[in-house]
Amino acid sequence: MARTADADFKTRLQNWIPKLVLSPTIAMMAVFVYGFILFSVYLSFTDSRLLPSFGWVGFENYSKLWRLSHWEVSLTNMGIFAALYILICTAIGLTLAIFLDQKIRGEGFLRPIYLYPMALSFIVTGTAWKWFLDPGIGLENIMQSWGWVNFSFDWIKNRDYAIYTIVLAAVWQTSGFVMAMFLAGLRGIDNEILKAAQMDGASNWNLYRRIIIPQLRPAFLSAFVILSHLAIKTFDLVIAMTGGGPGRATELPATFMYSYTFTRNQMGIGAASATIMLMTIAAIMIPYLYSELREKK
Amino acid sequence: MSAATQDTAIRTGRVTRTLIYLVLILFALFYMLPLYVMLVNSVKPLDEITGGGMMNLPQEFTIEPWLKAWSTAQIGVDPTGLAPYFWNSIKMVVPAVIISTVLGALNGYVLTKWRFKYDTIIFGLMLFACFIPFQIVLIPMARMLGLMGLAGTTWGLALVHIVYGIGFTTLYFRNYYAVFPTELIRAAQIDGAGFFQIFWRILLPSSGPIAVVSVIWQFTNIWNDFLFGASFAGADSQPMTVALNNLVQSSTGVKEYNVHFAGAILAAMPTLLVYIVAGRYFVRGLMAGSVKG
Amino acid sequence: MTIMKSLKMTAAAVALSAGAAQAADVEVLHWWTSGGEAAALNVLKQDLEGQGVGWTDMPVAGGGGEQAMTVLRARVTAGNAPTAVQGLGFDILDWANQGALADLNAVAAQEGWDEVVPDALKAFAKVDGKWVSAPVNVHSTNWVWANKAVLDANGIGVPGTWEEFTAALETLKAAGVTPIAHGGQAWQDATVFDAVAMSVLGPDGYKAAFVDLDEDTLGSDAMKEAFDRMAVIRANVDDNFSGRDWNLATAMVINGEAGFQMMGDWAKGEFLNANKVPGEDFLCFRFPGTQDQVTFNADQFMMFDQGGSVSDEQAKLASAILSPSFQSAFNVVKGSVPARTDVSDADFDACGKQGMKDLAAAAASGNLFGSMAHGHAAPASVKNAVYDVVTAHFNGEYDSETAVQELVDAVSIAK
């Protein structure tokens, strides 16, 4: 009797161990992520300014938020930035990965060069970029001193183009990382399939278009997750390069949220903008996660 | 991953290859550009920088800025340089990286090999958590740390990094373990091996590549974090990035750009080293699983 | 780091994490990390250590204290407030209204602060009759800095009126010199706007607009005139101004590339660092039309309540800050003037002496006003709302008429 009870206990324990192992993570997520999200949503309906306070004001913060022209600016910028950033990083990453996959001599030398920007913090690479893009001391000045007198590159000082310089620096930082993801995907493709296709006389172009790139789907999806999360969190970059300027031309939702919550002492409006941002993220990510995770079963 | 063992089916002509090399080298130059700007300006005297010509090689070479950034630059009231903060960062990064990677590995193991009802939903929730903007968690996190008695400590800071890194490490390990043959696990189970035995004897020994990915990712993110470090560290545990920020951002005073750049490279040294040393395992690790469905 | 010091720091951390009151250390959160400032603060540190009070340093630089204020919020929320925190203007009042600050009246009475600190400054150091923070200095923001050689070469004297000023700008432009060195960052745009608005609206109008936030004044024709003058200034800066740090703009004046810069008195340090002599190489004067007024911002140290009453260390720190010797030593370095009006000006240079004289005169005649651009006229939300409009107008997004309407609207949302 004792032995079976013991065995019984053991199997039950075995059933519980996986859940026990998972439980610290679940608890942390429940409190530190979802609890905090709920708290932030709640704050968006209160009159919080310097510190959280709990006077209910309904949708006042939201109506104020939508009256602020520079919230709209930051949303437009987010659209431009995220779209270009994700597209360009993916394109450059894929191109470099395909090129690097052609039995390139010196791959071991080039790869770390492509990857290293990810290792640097923007607190100071921002300064390097700022200098480089500054027409007075950077590229424009250098090209002019080399004899191209009419060369002009003043995007960072131009309200309509400054956001593109942010894209440039952001692409610089992460496209190498995306390259690594695609390279890994390429290396994982079964060569037998390719050889068979080649026997059938497929050109390189068709090989990539019809067979290889479709097989990289998981890499595309991982890249999308990583890039979109980085796009949404882009903050240091803007602070270091333009401080949101010229004027408010490079303000993004993350900088907007930070400035209302912490420097302007309008925590309620900051929380409202955070709520809208989270809803936007959810609207994009939930369908994606749903399709991704369902197919894997 | 050496080219010799790689049997690619793609053949390219000479012209194409030249073009490919050209593009690759151009991009390499593009990636090196900011580092070049930082490097050359970190070995110039200040008046040479303010005199203009930021792309020029130094006329007068000096390592003074490097020494200053490391040991005598003004970070706070005391001219300590970045050196003491370096160890603060190490003390925070090492436990945070180890714990979040171990938890990620265990989570990935459970979520792929010990499936239960709603496990996908739980994983989805973890993944969604990666997207939470850090600015909104600052105040409630401060309160929680205060309640737990961890405010202003290295452990408190490490906890924060663990919490917000675990989604990524779980993602990496889950995708990696997903392609690991489940039959092996079942066989071991029949032989009477328990939960941890299976993990320890079967999965862990083959987890090297993905552990590298997870460690690199976590190490870089945690080392470079500024917001949490500034907000949750105490006076004796401020990390390197906060010190670097103090060095660079001094609001009213002379800006010693050469010292700033030297400091920036010093601060980035560990992460650069990790990328260079572990870089080749990195691609291998990604290849081995994280980008596969 | 010596063993003693690391032991001391560990001890402080243990005391903090246990939530216990600290024995005899002050923990000071500040953003003075540049060479000169930090050296000046070190005087204070050594003074305290001489009295047996340890100093735990908590520097967080960035954005003129914005970063430090974020950290402060996290620290207070965690129930772990530093002992003393550098603070500016309305931030101090906000924290006092949260009931987070300690009552310094006992020290203040003993040291006679009430007699020596100007009323305009007290408005930010005393709340409901209680001293809550110790003022360190007074910066005035309506200065113009000029390269004397450039002015002399073009036959320009110190302009006393807006008309003379614009004439000087024309002359410089014709001579191929950038008339105004300026850095296009919101706070710098607003610093210039402060002085311009004061000259157009006059002291009463300035107060009505930025302190009382009176909608009629904010939307008045005079305000439009102020924006028109900003447009004139915009037309006289170089094309490459946006995003430039203020000290680089100062360097343009030092190097003779530009004639004038409108900036607070901290710009003086840049000139001195370049071995320039006030009165000989460079000139400092009040923005034309604001000769009698001083717009100021003042750095102070707020004392956070560590449980009931002011601790012994806080009292010692506060009295050290207000001591005439520290006030003089610190402000000579910082470029600002002492927060108390009875400090000898012997150690100050020509600009410093004039600054002290102007401050005393303005304080006596009721012409001392908090600077809007530096958070001493209205709360942070309003200040930043004004920034948005001023900077958008300066960058050509709005014309003057739109700017005035936007100003009224933005202030009403922020109020």
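Guide: The following account concerns a sheet in chain C and the helices that pack on it. The model is predicted; local features need pLDDT of at least 70, side-chain atom pairs count only at pLDDT 80 or more, and totals for chains, interfaces and linings use all residues. Residues are numbered from 1 along each chain as its sequence is written, while chains are lettered from A and ligands numbered from 1 in the order in which they are written.

The sheet is open and has 5 strands in the order β2-β1-β3-β13-β6 (chain C), with mixed pairing. Helices (H or I, at least four residues) and strands (E, at least two) are DSSP runs numbered from the N terminus, and two strands pair if DSSP finds at least two bridges between them. At the edges stand β2 (54-59) and β6 (133-135) of chain C; each has a single partner strand, so one side of each lacks a neighbour in the sheet. On average, neighbouring strands are turned by 30° against each other, direction ignored.

Within the sheet, β3 (residues 84-88) and β13 (residues 299-303) of chain C run antiparallel and are joined by 5 bridges. Gln86(C) has Phe301(C) in β13(C) as its bridge partner.

Helix α4 (residues 89-97) of chain C packs on this sheet, touching β3, β6 and β13 of chain C, and its direction makes about 125° with that of β3(C). Contact requires C-beta atoms, placed from the backbone, within 7 Å; axes are lines fitted to C-alpha atoms, for helices over the stretch in contact, with angles from 0 to 180 degrees between N-to-C directions. Helix α15 (residues 312-321) of chain C also packs on the sheet, touching β1 (25-30), β3, β6 and β13 of chain C. The direction of α15 makes about 55° with that of β1(C).

Key: Contact = placed C-beta atoms within 7 Å.
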